[in-house]
Amino acid sequence: MQTKSAQGINWIKLSVLYLIVGVVMGMMMGATRDFTLRPVHAHVNLLGWTTLALAGLIYTVFPKAGLSKLAKAHFWLMNIGLPVMMAALATIFLTGNMQIVPVLVASEFTVAASVLAFAANIFLNLKREE
């Protein structure tokens with residue numbers, strides 16, 4: 001029997017932090033009736049809460065994938081890129097400062113690389129048990 005993936009548990013715990021951030025953002029937007037950060041809120045919930053939670057569940061159910069080098073790459077690329085991407089996006093929407101666009105683009109590529117690492121990991125390490 002394979003051991004549980006600590007990697008999967010880390011993903012799930014981080015996803016809950018993004019859920020809290022997303023809920024607080026939604027409450028603040030509703031209370032102030034200022035929906036300027038709506039795109040950030042959506043990305044925090046989708047990429048942060050949903051994507052991280054699903055990756056965590058997958059890595060927990062399929063520990064071989066969760067313990068792979070690709071899972072580690074996925075973890076670090078996502079968790080470096082996503083907060084930077086959210087901060088850059090928020091800065092652009094709040095200040096209109098377009099000089100931050102290169103930071104946004106670099107962080108988007110980092111997150112995209114994490115998704116590619118995840119996809120490769122799934123295709124290489126998820127196999128039917130016989």
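How many helices and how many strands are there in the chain? Color by secondary structure and you will find 5 helices and 0 strands, where helices are DSSP runs of H or I with at least four residues, strands are E runs of at least two, and numbering starts at the N terminus. Read along the sequence, the pattern is α-α-α-α-α.

Before you start selecting, note that this is a predicted model, in which local features need pLDDT of at least 70 and side-chain atom pairs count only at pLDDT 80 or more, while totals for chains, interfaces and linings use all residues. Residues are numbered from 1 along each chain as its sequence is written, and side-chain values use heavy atoms, with hydrogens and water left out.

**The whole chain**

Show the C-alpha trace first. Along the principal axes, the C-alpha atoms fill a box of roughly 55 × 30 × 20 Å. Of the 130 residues, 35% count as buried; buried means under 20% relative accessible area, exposed means over 50%, and partly exposed lies in between (1.4 Å probe, protein chains only).

**Stop 1: α1 and α2**

Select residues 6–32 for helix α1 and 38–61 for α2. Their axes are 7 Å apart and the helices pack at an angle of about 160°, which means that α1 is roughly antiparallel to α2. Axes here are lines fitted to C-alpha atoms, for helices over the stretch in contact, with angles from 0 to 180 degrees between N-to-C directions. Angles under 35 degrees count as roughly parallel, over 145 as roughly antiparallel, 65 to 115 as roughly perpendicular, and the rest as oblique. α1 passes α2 in a left-handed crossing, a name used if the near helix is turned anticlockwise from the far one by less than a right angle; clockwise would be right-handed.

Now pick Arg 33, in the loop between α1 and α2. Its phi is near 60°, a positive value in a residue other than glycine. Arg 33 is exposed, with a relative accessible area of 72%.

**Stop 2: a nonpolar patch**

Val 16 lies in α1 and counts as partly exposed because its relative accessibility is 35%.

**Stop 3: α4 and α5**

Next, select residues 69–95 for α4 and 101–125 for α5. Their axes come within 7 Å and cross at roughly 150°, so α4 is roughly antiparallel to α5. α4 passes α5 in a left-handed crossing.

In α4, click on Leu 89, which is buried at a relative accessible area of 12%. Leu 89 and Arg 38 are 51 residues apart in sequence, with 10 Å from C-alpha to C-alpha. Ala 73 is also found in α4 and is partly exposed at 29% relative accessibility.

Finish in α5 with Val 115, partly exposed at 40% relative accessibility. Draw a distance from its C-alpha atom to that of Met 78: they are separated by 7.8 Å, though 37 residues apart along the chain.
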